[in-house]
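User: I have a sequence and a structure to read. Please take me through it feature by feature.

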Amino acid sequence: MSSKIDFVYPNNGVPHSKTNVESAPQSDVQNSRVKIKNAIITSQENLTDDTFLLTVKLDNNEVLNSHAGQYGTLKADELDKPRAFSFAKSPTSEKKGEFSFFIKQVPGGLFSEYLKENRTGQKIVLSGPMGQFKIDESNEDMICIAGGSGMSAINAIVEEAAHNKVKRNCYFFYGARAQKDLYLVDEISKISEKWANGYTFKFIPVLSEEPEDSDWKGGRGFVTDYFKDNYLKTGVVKTESCKAFFCGPPPMINAGAKVLEEAGVSQDSMFFDKFEDARSPAPVIDNSKCVLCDECLLVKPTADCIVETASLSGKKENGKFANIERVNPAFTSGLYYNTLYIDEDKCIRCYACVHACPHDAISPQHDLEPKTLRNIVEI
Ligand SMILES: Cc1cc2nc3c(=O)[nH]c(=O)nc-3n(C[C@H](O)[C@H](O)[C@H](O)COP(=O)(O)OP(=O)(O)OC[C@H]3O[C@@H](n4cnc5c(N)ncnc54)[C@H](O)[C@@H]3O)c2cc1C
Ligand code: SF4
Ligand code: SF4
């Protein structure tokens, strides 16, 4: 029997591996909430010059039980890392076992380069579902703000809301650069026809770089400024009873959250699907807060981004450890590993672990030296 995994043994139901199993994620990890499924790319179509609609279908009629607003990771054999992408349609509007993604190409990007060729018919591994972004259960007005390929999760959420005939008003602001960057405008506008009777669904595209003299009659400027000046200040949107849903690049989300916060909307009423990327910091685990509950291990998208270590040693100039000794059952007698460590080279910045940790022990803001439990006990 050959295997790329040196050893696997159960620890609270979570298998540990000594070597990198990223390249062979062909089966579900026992008890993990993230399922790893083989799939095929069924189509790759241009939505704009630099944005694709990618559709994948799971092999063998398998399904993933996801909800609107969640995301998955895609990993092609040719690539050494997966990338996170939001499910762009509500499960109620997808065919069984199929998933659609809106993917923006980034110059020189790993996955972006992969999509330079049409990949229809190729195999791909889809892992998921991940994330807690979803429509809440209140009846308050929905303010949705998306930018670029952040159309994905918001599209899924409004499709779901329309399907369930939620009795809420919904204002969907979409930021793009110019008319050539808009897509699915007719389809989204038509959601109003399916919306609950007596309630408003309004789609408001806003362009930031559209030429002054063009025929564009819609909103102009940054989407968050446009929302503030034309809907918030004028009282069209009532902030005393609203929930906000953001999806897209972190700067747009931060700007939108600030506008709403200044208008008195609490953080509890704002929900985000932030497209962190390789420029974002890798999170750090504060092992003095960690209770080894394993929640982060149950949601991690790659085998080696969070590792269970027996020891950390050999500080590098950047403060990270040069020698990371993985837990080896042959030398570890206890049930528990010593310290959890995020390997920033393997981390794809999905922040799934940050959201999953019930003890606030994982944060991109932590300016911490990772410590072994022994260090912590000695302090
Ligand atoms: C939860 C989550 C959901 C996501 N959902 C989507 C989605 O639905 N659609 C989608 O298109 N993307 C989504 N992303 C972003 C996606 O995961 C990748 O980061 C993005 O596609 C770039 O991947 P890449 O491999 O092509 O580039 P990389 O190889 O990761 O990056 C190449 C270079 O480009 C820089 N870079 C990365 N992104 C950008 C950018 N937007 N603008 C400028 N420079 C950049 C990097 O810092 C790096 O220097 C999501 C991210 C997260 C965390
Ligand atoms: S953010 Fe957390 S869960 Fe996501 S890849 Fe990095 S370490 Fe893993
Ligand atoms: S989720 Fe938080 S507390 Fe639990 S093992 Fe991970 S870091 Fe530790």
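Analyst: Begin with residue classes: Ala, Val, Leu, Ile, Met, Phe, Trp, Tyr, Cys and Pro count as nonpolar, Asp, Glu, Lys and Arg as charged, and the others, Gly among them, as polar. This is a predicted model, in which local features need pLDDT of at least 70 and side-chain atom pairs count only at pLDDT 80 or more, while totals for chains, interfaces and linings use all residues. Residues are numbered from 1 along each chain as its sequence is written, and chains are lettered from A and ligands numbered from 1 in the order in which they are written.

User: How do the residues around ligand 3 divide by class?

Analyst: A residue is near a molecule if its C-beta atom, placed from the backbone, lies within 6 Å of it. The shell around ligand 3 holds 11 nonpolar, 1 polar and 2 charged residues. Of these 14 residues, Cys290, Cys293, Glu295, Cys296 and Cys357 are the closest.

User: Which residues come nearest to ligand 2?

Analyst: Lys300, Cys305, Cys347, Cys350 and Cys353 come nearest, out of 15 residues around ligand 2. By class, the shell of ligand 2 has 12 nonpolar, 1 polar and 2 charged residues.

User: What surrounds ligand 1?

Analyst: The shell of ligand 1 has 25 residues, and Gly109, Leu110, Ser112, Ser149 and Asp277 are the closest. It divides into 13 nonpolar, 6 polar and 6 charged residues. Domain bounds come from an automatic or database domain assignment. Domain 1 (33–130) and domain 2 (141–274) each give at least three residues to the shell around ligand 1. Helices (H or I, at least four residues) and strands (E, at least two) are DSSP runs, numbered from the N terminus. At least two shell residues come from each of β6 (83–86), β7 (98–104) and α1 (110–114).

User: In what order do the strands of the open sheet lie?

Analyst: Two strands pair if DSSP finds at least two bridges between them. The open sheet has 6 strands in the order β6-β5-β8-β3-β4-β7, and the pairing is antiparallel. β6 and β7 are at the edges with a single partner strand each, so one side of each has no neighbour in the sheet. Inside this sheet, 7 bridges join β3 (residues 35–46) to β4 (residues 51–58) in the antiparallel sense. One example is Glu45, whose bridge partner in β4 is Leu53.

User: Which strands does β9 pair with?

Analyst: β9 runs parallel to β13 (residues 242–248), with 6 bridges, and parallel to β10 (residues 170–176), also with 6 bridges. Met142 shows both pairings: its bridge partner is Lys243 in β13 and Cys170 in β10. A crossover is right-handed if, with the strands pointing away from the viewer, the path from the first strand over the helix to the second runs clockwise. β9, helix α2 (residues 151–163) and β10 form a right-handed β-α-β unit.

User: How many residues of β9 and β10 are buried?

Analyst: A residue is buried if 20 or more other C-beta atoms lie within 10 Å of its own, exposed if 12 or fewer, and partly exposed in between, with C-beta atoms placed from the backbone. In β9 (residues 141–147), 6 of the 7 residues are buried. In β10, 7 of the 7 are buried, so the strand is largely enclosed by the rest of the structure. Cys170, Phe172, Tyr174 and Ala176 point one way from β10, and Tyr171, Phe173 and Gly175 the other way.
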